[in-house]
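Subject: Structure handover

Hi,

Here is the structure I promised to pass on. Please open it first, then read my notes below.

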Amino acid sequence: MTVAVGFPRRPLHGTALWASHVARWIPALMLAYGMLIWPLIYGRSVDGGPPVQILQNESSALSQIYFPFLLVVSAFTWIATRYGRGSPIASGAIFVIALVIALSNLSVLWSIAPEIALRRAILQTAIVATLILSVQAADDPDGVVARIFWLLVAIMAVNLAAVAMKGPGPLGYEGVYPQKNGLGAAASLAIIVALYQLFSGRPITRLVACGTIILAMFLLVLSKSKTSFGLVLLVPCLALGIAVAARAMQVSAATFIATMLAIAFAVYQLGVASYVWDFSTVAEALFGDPTLTTRTDIWDFAMRMAERRPLLGYGFESFWQAGPESPAAREAPGFIARMPHAHNGYIDILLQLGIVGLGLVIVMQFAAFGAADAALRRRFGLGWLCLCLMLLAGLRNFMESSWFRGFDMFSMIFVIMVALAASIRERRSWNT
């Protein structure tokens, strides 16, 4: 039997009460901008205009109102509900996220495109601050997740209509997004959140969750997004296996993940040293393409350029698509010069913020896994969701670039899950 045991919390009244209710909606509204509002208003196909990854970092008339407004609202709700009861960066994982954002802003000082870096760093600061403050002010992890779930239900319904009306794009169905990967990413996120609701929601919510999983899987198949399809099959089982194994071995999830990664890396290196395999043969075996759809060409160029500024990089969002003087525009060969990112979030962080930034992002992830582990010990289902979406964001960044890229859905969902895990831990309840 599951029994929630915890310390009583000070009841909210008046302004604090309705402020907490408002705060529960803000994370969903933040996700709604990148996943629904922006694609419908500003999204353009890759053949007819700039790709989505470029525009996600740029200001528009709507974003200049939307994000500052939600930042002000989230700050007010936090003050109304939390002021004097703790720091917004008290959690270790949130503190490391704050360090990454601080470094991104400081990188304006050495950026080769300081105006662009400053504008994009300010946008990222506003997004991260809004998400963390609103989750803390809501003080209701289930309420926050429920609103995100219903948003994803609506997004899947809108995309179904778009698929029916637009037909397929050149590489797969795109839905309301500029390219197929956008639809695949949204569908994979909907499937995982719906899986949580399928086992923890009310009867009507479970019914809707079941239908959403079927619909999202249908859209995912239509999108032909291999990365999203593979991850949505792998990550839920992987997160559950990690959670169960870590509990059985009485170690933290972060320690278990670090050990497994070390073993996998050692096995790979042993195979390379023994001439049993190399990267191309492994990529061919796993993905059917030794170049990973020409990603390896992009990575080779990016790593050569990273060697020129190894410590602090070229500045936040100052390497790709940062004007005619950006390194990619000046030196990248062929199609690589038009890339909006390296198709690898870790390489992009290395390019932007150097070894220092990459080290912080790695520490951030393991701090996040530690927060998820604490959540697992108190609310196993909700902790599983946090760990699952953290892993999804981390693994996706090996093939795409999402870390702190404007209003990218995976960057935002990672921050939300970190804040939720910290909120669960703070509530001091556990399963027995």
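First, some ground rules. This is a predicted model, in which local features need pLDDT of at least 70 and side-chain atom pairs pLDDT 80 or more, while totals for chains, interfaces and linings use all residues. Residues are numbered from 1 along each chain as its sequence is written, and side-chain values use heavy atoms, without hydrogens and water.

**The helix pair**

Helix α8 covers residues 180-200, and helix α10 covers residues 226-249. They pack at about 20 degrees, with axes 9 Å apart. Axes here are lines fitted to C-alpha atoms over the stretch in contact, and angles run from 0 to 180 degrees between N-to-C directions. The crossing is right-handed: the near helix is turned clockwise from the far one by less than a right angle. From α8, the residues G184, A185, S188, I191, I192 and L195 take part. They meet S228, V232 and P236 of α10. Contact means heavy atoms within 4.5 Å. By class, this contact has six nonpolar, three polar and no charged residues. (Ala, Val, Leu, Ile, Met, Phe, Trp, Tyr, Cys and Pro count as nonpolar; Asp, Glu, Lys and Arg as charged; the others, Gly among them, as polar.)

**The whole chain**

The protein chain has 17 helices and zero strands. These are DSSP runs, numbered from the N terminus: helices are H or I of at least four residues, strands E of at least two. The C-alpha trace spans about 60 × 50 × 50 Å along its principal axes. Of the 432 residues, 53% are buried. Buried means under 20% relative accessible area, exposed over 50%, and partly exposed in between (1.4 Å probe, protein chains only).

**Three loop residues**

S326 sits in the loop between α13 (295-306) and α14 (327-331). At 2% relative accessibility, S326 is buried. Beyond its neighbours within four places in sequence, S326 contacts I112, S318, F319 and Q321.

D139 is in the loop between α6 (114-138) and α7 (141-166). Its phi is near 50 degrees, a positive value in a residue other than glycine. D139 is buried, at 14% relative accessible area.

T294 lies in the loop between α12 (279-287) and α13. Phi of T294 is near 65 degrees, again positive in a non-glycine residue. T294 is partly exposed, at 33%.

Best wishes
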